[in-house]
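Open the model in your viewer and keep the sequence panel beside it. The stops below say what to select next and what is there.

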Amino acid sequence: MKNLAWWLGALVFVAPTSRAEENYFATGIVNNLQSDESSGEDRFSIAGVKSLGSCKADKAGNVVFLVPPGRESRRIFDLAVASHTSGARLQISVDDRTTGVSGFCVIRDAQLK
């Protein structure tokens, strides 16, 4: 029994741990809106955002953010369009572990600043 307790205690130190959820934030003016018919993804980049956590960048080096599917998609896309056309700053948050088919980070929340 003593050996079992020792092994269970040792297992705690060698068991893999998953990374805790992390929110990353980016703020700026939306400079590129895209709608990809093949993947069904709407996405955009924010001027000057070249890295954010482990979020993937496009060929030009800009981090690309995906509009999430579902109820929030229209609201977030409308905010992105408003930022793009008016020059208003948009703040978005992402968890860099949540990605779409394309590998780009999915937006958790957005608001105009």
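Predicted model: local features only at pLDDT ≥ 70, side-chain atom pairs only at ≥ 80, totals over all residues.

Helices here are DSSP runs of H or I with at least four residues, strands are runs of E with at least two, and both are numbered from the N terminus. Aspartate 95 has a relative accessible area of 3% and is therefore buried. Buried means under 20% relative accessible area, exposed means over 50%, and partly exposed is in between, with a 1.4 Å probe and protein chains only.

Residues are numbered from 1 along each chain as its sequence is written, and side-chain values use heavy atoms, with hydrogens and water left out.

**The whole chain**

Switch to a cartoon view. The protein has 2 helices and 6 strands, and from the N terminus on its elements run α-β-β-β-β-α-β-β. Of the 113 residues in the protein, 33% are buried. A contact means heavy atoms within 4.5 Å. Among contacts between residues at least 6 apart in sequence, 54% join residues at least 24 apart.

**The sheet**

Colour the strands next. In what order do the 6 strands lie in the open sheet? The order is β1-β5-β6-β4-β3-β2, with mixed pairing. Two strands pair if DSSP finds at least two bridges between them. The edge strands, β1 (23-28) and β2 (30-36), each pair on one side only. From one strand to the next the twist averages 40°; for such angles, axes are lines fitted to C-alpha atoms (for helices over the stretch in contact), and the angles run from 0 to 180 degrees between N-to-C directions.

**β5 and β6**

Serine 93 has aspartate 109 in β6 as its bridge partner. The two strands form a hairpin with 5 residues between them, and glycine 103 in the turn has a positive phi of about 95°.

**Helix α2**

Select leucine 79, which lies in helix α2 (residues 72-86). Its relative accessible area is 17%, so leucine 79 counts as buried. Show the neighbours of leucine 79: not counting residues up to four places away in sequence, it touches Leu90, Ala110, Gln111 and Leu112. The C-alpha atoms of leucine 79 and leucine 90 are separated by 7.4 Å, and the residues are 11 apart along the chain.

Move to β2 and β3, which pair in the antiparallel sense over 6 bridges. Here leucine 33 has phenylalanine 44 in β3 as its bridge partner. The hairpin of β2 and β3 has 4 residues between the strands, and glycine 40 in it takes a positive phi near 75°. β3 also pairs with β4, antiparallel over 3 bridges, and phenylalanine 44 stands opposite phenylalanine 65 in β4.

The ring centres of phenylalanine 44 and phenylalanine 65 are 6.4 Å apart and the planes are at 55°, so the pair is tilted. Rings of Phe, Tyr and Trp (its six-membered ring) pair if their centres lie within 6.5 Å; planes under 30 degrees apart count as stacked, over 60 as edge-to-face and the rest as tilted. Phenylalanine 44 is buried at 1% relative accessibility, and phenylalanine 65 is buried with a relative accessible area of 0%.

**The disulfide**

From phenylalanine 65, step across to its bridge partner in β6, cysteine 105. β4 and β6 run parallel and are joined by 2 bridges. Which residue does a disulfide join to cysteine 105? The partner is cysteine 55, with an S to S distance of 2.1 Å. A disulfide is a pair of cysteine sulfur atoms within 2.5 Å, and the count comes to 1. The torsion about the S-S bond of cysteine 55 and cysteine 105 is about -105°, so the disulfide is left-handed. Cysteine 55 and cysteine 105 are both buried.

**Last stop**

Finally, select lysine 56 and phenylalanine 104. Lysine 56 lies over the face of phenylalanine 104, at 4.8 Å from the ring centre. A charge sits over a ring if NZ of Lys or CZ of Arg is within 6 Å of the ring centre and within 35 degrees of the ring normal.
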